[in-house]
Amino acid sequence: MSLIYRRKSNNLSFSHVIYDYIGEIKPFVKRVRKPHLLIPMVLFKSIEWGIYRWYKTPIRRFYGVKGNELIYMITNACNDRCPKCGIWERPEPRDQHLMIGHFINCLKRLHHNLYQVTLTGGEPLLFKKDVMLIAEEAKKLNVPMVIVSNARFVDEEFLTRYKALGHILVISVDSVEIEKWNEFRGKRNFDIVMPKIILAKQILGDQLRIQSVLSKESTDEIPKVIEWCEQQGIQHNTQLYQDFGAYNWHNPIKSETLSYDNETPCAARKNICVYPNGDVVKCFDHRRIPLAEEPLGNIAKQDIIEILCTKRSTEVSKVMKTCNLPCKNMSCNKPQTHLFN
């Protein structure tokens, strides 16, 4: 089964209905293995589609209503060289970067089921034009959007446009001391970026957030960041360090003493994560799970609902339901309203 449909009487057209129907039936037909069952199965599927398309129902399919976060790692490239992160060391080749139209089509297909779309990287604002196209489309579709950025390319024009769209900007800050800042960023840009953060606060107001990574290396710095955020009136969130291939920072808590809630399923099983080349996974740590090691599909080649309807996609979600890896409680698995204070 695909995602649930919700009727919107003020946003219906014949072409939209046809598009919805084809998007539901096409992947279903491919799964019918016996030719003599094709017609009756399509008939029953059409009846089911009609019920879900035109009537409200208490039944909720696996993905639910507003139950997903769409996370787009728009690029691996970055203009900082943070020692905590190894992503910037592996920028995608230009000829493998996803055309923005494919992601926007993905967003359109999923928007009824998204509580949030998040753009991350690398540094998302290296593709500022594409970011704004996504932000504007998310606004039209009534999907809240979050950008996680190092703020290097933030400017007044961008902030003003972004403010009008009502979305959230999260800036990564692990220290407010100049020497530690430059060490943590791998670039001596404290004097460049800090004024941009102040400008962002002036323009965005409550649409600005600060997020810090807690590690052995940043333990003494995070309290200073929190105090600074309180002085500036900026909401702050601390995230426990997770390694992304850099091997230069360390978790402040020994793995054997980490405590996880075994009773709560990992929220990442409902995530829809897209890599810079369009590959789709349920979690960016998917390679730690043998069944999920390979991508589920690619939105440049397949419709996103077709990808999510595959048997393997369902099986991966079931495996992740009981996953207790250290990444379980990362901020990418929680809505913004549950993170910042």
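Predicted model: local features only at pLDDT ≥ 70, side-chain atom pairs only at ≥ 80, totals over all residues.
Just after helix α7, Gly205 adopts a positive phi of about 60°. Helix α7 covers residues 190-204, 15 residues in total. From its first C-alpha to its last, α7 reaches 21 Å, close to the 21 Å expected at 1.5 Å a residue.

From here we can turn to the nonpolar interior. In soluble globular proteins, nonpolar side chains tend to be buried together. In this chain, the largest nonpolar core has 65 residues, and Leu70, Ile134, Met145, Ile197 and Ile304 touch the most other members. Helix α7 gives the most to this core, with seven residues. A second, separate core has eight residues, including Ile71, Met73, Cys85 and Phe284.

Met145 deserves a look of its own. Setting aside residues up to four places away in sequence, Met145 touches Val117, Leu119, Val131, Ile134, Ala135 and Ala138, and also Tyr162, His167 and Ile168. Met145 belongs to strand β3, which spans residues 145-149. Four of the five residues of β3 are buried, so this strand is largely enclosed by the rest of the structure.

Now follow the strands on either side of β3. Strand β2 (residues 114-120) runs parallel to β3, and three bridges join the two. Within this pairing, Thr118 stands opposite Val146. Between these strands comes helix α4 (residues 128-140), and β2, α4 and β3 together make a right-handed β-α-β unit.

With β4, strand β3 pairs in the parallel sense over four bridges. Val146 stands opposite Ile168 in β4. The chain crosses from β3 through α5 to β4, and this β-α-β crossover is right-handed. Another pair across these two strands is Ser149 and Ile171.

Four of its five residues are buried, so β4 is largely enclosed by the rest of the structure. Four bridges connect β4 to β5, again in the parallel sense. Here Leu169 has Leu208 in β5 as its bridge partner.

These pairings are parts of an open sheet of nine strands with mixed pairing, in the order β6-β5-β4-β3-β2-β1-β7-β8-β9. At the edges stand β6 (235-240) and β9 (297-298), each with a single partner strand, so one side of each is left without a neighbour in the sheet. An antiparallel pairing in this structure is that of β7 (residues 272-274) with β8 (residues 279-281), which are joined by two bridges. The bridge partner of Val274 in β8 is Val280.

Is Thr219 buried, partly exposed or exposed? Its relative accessibility is 36%, so Thr219 counts as partly exposed. Apart from neighbours within four places in sequence, Thr219 is in contact with Leu214 and Pro252. Thr219 and Pro252 are 33 residues apart along the chain, while their C-alpha atoms are separated by 7.6 Å.

Finally, step back to the whole chain. It has ten helices and nine strands. Of its 341 residues, 51% count as buried. The chain exposes about 17100 Å², with carbon and sulfur atoms supplying 56% of that area. Among contacts between residues at least 6 apart in sequence, 73% join residues at least 24 apart.

Key:
Residues numbered from 1 in each chain as written. Heavy atoms only, no water. Expected span 1.5 Å × (residues − 1). Core = buried A, V, L, I, M, F, W, Y, C linked by side-chain atoms within 4.5 Å. Buried < 20%, exposed > 50% of the residue type's maximum accessible area, 1.4 Å probe, protein only. Contact = heavy atoms within 4.5 Å. Pairing = 2+ DSSP bridges. Right-handed = clockwise from strand over helix to strand, strands pointing away. Areas by Shrake-Rupley, 256 points an atom, 1.4 Å probe, with all protein chains shown as cover.
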